[in-house]
Amino acid sequence: MKKYMIGLDLGTTAVKAVLFNVTGEYIDKETQHYPLHTPDVHIAEQDPDEILEKSMEAIRLLVKRNRCGNSIEFISCSSAMHSLILLDKSGSRLTESITWADRRSEDVAEEWGTERGVGIYRRTGTPIHPMSPFIKLLYFKDAHPELYSQIGKVVGIKEYVLHHLTGVYEVDKSIASSMGMMDLETSQWDAEVLEILGLDTAQLPDIVGTTKVYPSLNRMHEKLGIAEKTKIITGASDGVLANLGVNAIRKGDIAITIGTSGAIRTVIDAPRTDVKMRTFCYHLTDDHYVIGGPVNNGGVVLRWIRDELCTEEVGEAASSGKDPYEVMTQAAKEVRPGSNGLIFHPYLAGERAPLWNAKAVGSFYGLTLSHERKHMIRAAMEGVVYNLYSVYLALREQMDSVGSIKASGGFARSEMWKQLMADVFGEQLTVPKSYEASAFGACLLGLYAIGEMRDLGEAAQFVGESDAYVPEEAVYMKYQEIMSVYIELGRALEPFYNRMDEIR
C-alpha cells in the first residue's frame with residue numbers, strides 16, 4: 001500500500017483536497033473557492049465547470065507541493081447534497097449546478113406537502129422541500145417544459161466531477177438517497193417518482209455503493225500529476241462522512257457540523273423516517289444509515305453579521321493582523337449568556353430542519369436601547385445553536401439514548417462556539433483535533449473499501465485525540481429558560497412568513 005490518501009470534499013463555497021497518510025495523520029490541505037450565484041432571493045446556483053476545474057487544481061497543487069504524485073493510494077470523494085445539473089443527450093449542460101439553497105421550487109414543495117408527498121418521503125428519506133432534486137425536477141418540468149424535454153441525464157456536482165475522473169456517470173447510494181428519488185429499502189430508483197417526473201432510468205446515473213473502487217483514472221493522471229493507477233473511491237455525501245470522520249457511528253453517537261450551513265446526525269442500522277417529516281434518512285453503507293436534520297443557517301449567519309454590522313471589528317482585525325471572526329467573538333464574550341434578553345432566529349436563507357419552510361425569515365426579538373453590536377453578535381451565535389438544538393430535540397425522539405456528541409466544521413476553530421454548544425445542549429461536547437471531518441471520513445471509507453479496515457468501528461483508532469467541553473450547569477439552566485421562549489416565539493412568527501414573502 002502506498003503512503004498517502006486524499007479526501008476530495010466538494011463544498012457549497014469551496015473544494016478542499018486534504019492529504020492524510022494511511023495511518024490517518026493530517027498532512028496538508030489545498031482549498032479553492034468558487035462563487036455561489038444568487039441574483040435574487042430564489043436562485044442559488046454555480047458553474048459546474050468552474051467547480052470541476054477548481055477541484056482538479058486543488059488536487060494538482062496539493063500533490064505538487066508535497067511531491068507525492070507516485071505515493072497516493074486513492075482519492076475518495078465527499079460532496080454537498082441536493083445539487084442538480086441537467087445534461088442533454090450529447091452530455092452538454094442545459095443548466096448550471098442548482099444547489100440545495102435554491103428556492104425556485106418552493107411553491108411546488110408547498111403543493112406536494114400532501115399525503116402523497118409524505119408517502120414519497122417515507123420511501124425515499126428526503127423531506128419534501130425545495131432542496132430536494134425531486135422537487136427541483138418537478139419545477140423544471142412545469143416551468144420549463146421545452147428544456148425539460150431535452151434531458152439526457154440528470155446528475156449532481158459529485159457525479160459531474162467523478163465523470164471526468166472515471167469516464168462514467170454513476171451515483172453513490174448516499175447521494176442518491178438525498179435526491180428524494182431512491183427507495184431506501186431496495187436502493188433502486190423509485191418507480192412512482194419516475195412516473196411523476198416522466199423520466200426513465202436511462203436518464204439517471206446508475207446507483208452504486210459508496211465503497212465502489214475505480215482502479216485507474218480516466219486519462220486525468222497527467223493533468224493531476226499522479227500515477228495512472230491511482231484508485232478513485234466513489235465516496236458519499238459530506239454529512240454522513242462527517243459522522244465517520246469524527247467516529248460518531250456507534251448507536252447513540254451524535255455528530256454536529258457547522259460550516260456554511262449545518263446539520264446534526266446519528267447512525268442507525270436500518271432505514272427510518274419521522275412521522276412528522278422533520279428529519280432525513282440517508283445511506284452511509286449498505287449496513288449503515290444516517291438520520292438527522294440539516295439547517296441552512298450556520299456560519300453564513302456570522303458572515304452576514306460580519307459584512308453588514310461589523311465594519312469596526314473588520315477594521316480592527318485588519319490593523320492588528322487578526323481574523324475578523326476572532327475580534328467579533330471576543331466582543332461577544334463580553335456579553336453574558338442570553339445576550340441580555342436578545343433572541344435571534346437565524347433564518348436568513350429560509351430554513352430546512354426543523355421548520356422545512358423555505359419562506360422563513362430571520363429576526364431579532366427583544367432589542368432595546370441598552371443593546372450594542374456585541375449583543376447582536378452573541379445573539380446571532382446563540383441563535384444558530386438554538387436552532388440546532390431544536391433539531392436535536394426532534395432527533396432525540398427517534399433515539400433510545402445519547403452516547404456522545406461530537407462536533408466538526410469551521411466553527412470548531414472557535415473556543416467560544418464550542419463552549420456555547422456544550423452549554424446550550426447540556427451535554428459534554430467532544431471535538432476531534434482534525435477539523436476536516438468529511439474529507440477524513442471519505443478517506444476512512446476508502447480504507448474500508450480497499451480492505452484496510454474490516455469494519456467501520458475501527459475508525460476510532462484513526463480519529464485520534466479530541467478536546468472536551470463540559471457545560472456549566474447554571475448557564476445550561478439559563479439557556480433552557482431561553483429555549484422555551486425561542487421555540488414559542490418561532491411558532492408565533494411562522495404564520496407571517498408567507499405574508500412577508502408576498503410583500504417582498
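Thr-266 touches Asn-243, Gly-252, Asp-253, Ile-254, Tyr-289, Val-290, Ile-291, Leu-395 and Met-399, not counting residues up to four places away in sequence; contact here means heavy atoms within 4.5 Å. The structure is a predicted model, in which local features need pLDDT of at least 70 and side-chain atom pairs count only at pLDDT 80 or more, whereas totals for chains, interfaces and linings use all residues. Residues are numbered from 1 along each chain as its sequence is written, and side-chain values use heavy atoms, with hydrogens and water left out. Thr-266 is found in strand S16 (residues 262-268); helices (H or I, at least four residues) and strands (E, at least two) are DSSP runs, numbered from the N terminus. Thr-266 is buried at 2% relative accessibility, where buried means under 20% relative accessible area, exposed over 50%, and partly exposed in between (1.4 Å probe, protein chains only). The side chain of Thr-266 also reaches the backbone oxygen of Asp-253 at 2.6 Å. This is a polar contact, defined as a pair of N or O atoms within 3.5 Å; within protein, one must be able to donate a hydrogen and the other to accept it, and residues adjacent in sequence count only if both atoms are side-chain atoms.

Asn-243, one of the residues touched by Thr-266, is among the buried residues of helix H10, together with Gly-239, Val-240, Leu-241, Ala-242, Leu-244 and Gly-245. Seven of the eight residues of H10 (residues 238-245) are buried, so this helix is largely enclosed by the rest of the structure. Just after H10, Asn-247 has a positive phi of about 60 degrees.

Further backbone features occur in loops. Most residues other than glycine have a negative phi, and most peptide bonds are trans. His-82, in the loop between strand S5 (72-79) and strand S6 (85-88), has a positive phi of about 75 degrees and is buried, with a relative accessible area of 4%. Asn-340 has a positive phi near 55 degrees and lies in the loop between helix H13 (324-333) and S19; at 38% relative accessibility, Asn-340 is partly exposed. A cis peptide bond, with omega about 0 degrees, joins Ala-353 and Pro-354, and Pro-354 is in the loop between strand S19 (343-345) and strand S20 (363-365). Ala-353 is among the residues touched by Arg-278, as are Tyr-121, Trp-356, Ala-394 and Glu-397. Arg-278 lies in the loop between S16 and strand S17 (280-285) and is buried at 15% relative accessibility.

A nonpolar core is a set of buried Ala, Val, Leu, Ile, Met, Phe, Trp, Tyr and Cys residues joined through side-chain atoms within 4.5 Å. The largest such core has 121 residues, of which Phe-134, Met-181 and Phe-425 touch the most other members. Helix H14 (residues 373-396) gives the largest share of this core, 13 residues. A second, separate core of 35 residues includes Val-15, Ala-17, Cys-68 and Cys-77. The contacts of Met-181 include Phe-134, Leu-137, Trp-189, Val-193 and Leu-204.

The count of salt bridges comes to 36, a salt bridge being a side-chain nitrogen of Lys or Arg within 4 Å of a carboxyl oxygen of Asp or Glu. Asp-107 and Lys-359 form one at 3.6 Å, N to O. This pair links distant parts of the chain, 252 residues apart, with Asp-107 in helix H2 (residues 106-111) and Lys-359 in the loop between S19 and S20. Asp-107 is partly exposed, with a relative accessible area of 45%, whereas Lys-359 is buried at 9%. Both belong to a network of salt bridges that also links Arg-103, Glu-106, Glu-110, Asp-501 and Arg-504. In helix H15 (residues 415-425), Lys-418 and Glu-415 lie three residues apart, about one turn of the helix, and form a salt bridge with the closest N and O atoms 3.2 Å apart. Lys-418 is buried, with a relative accessible area of 2%, and Glu-415 is partly exposed at 45%. Arg-454 and Glu-458 are also paired at 3.2 Å, N to O; Arg-454 is exposed at 75% relative accessible area, and Glu-458 is buried at 17%.
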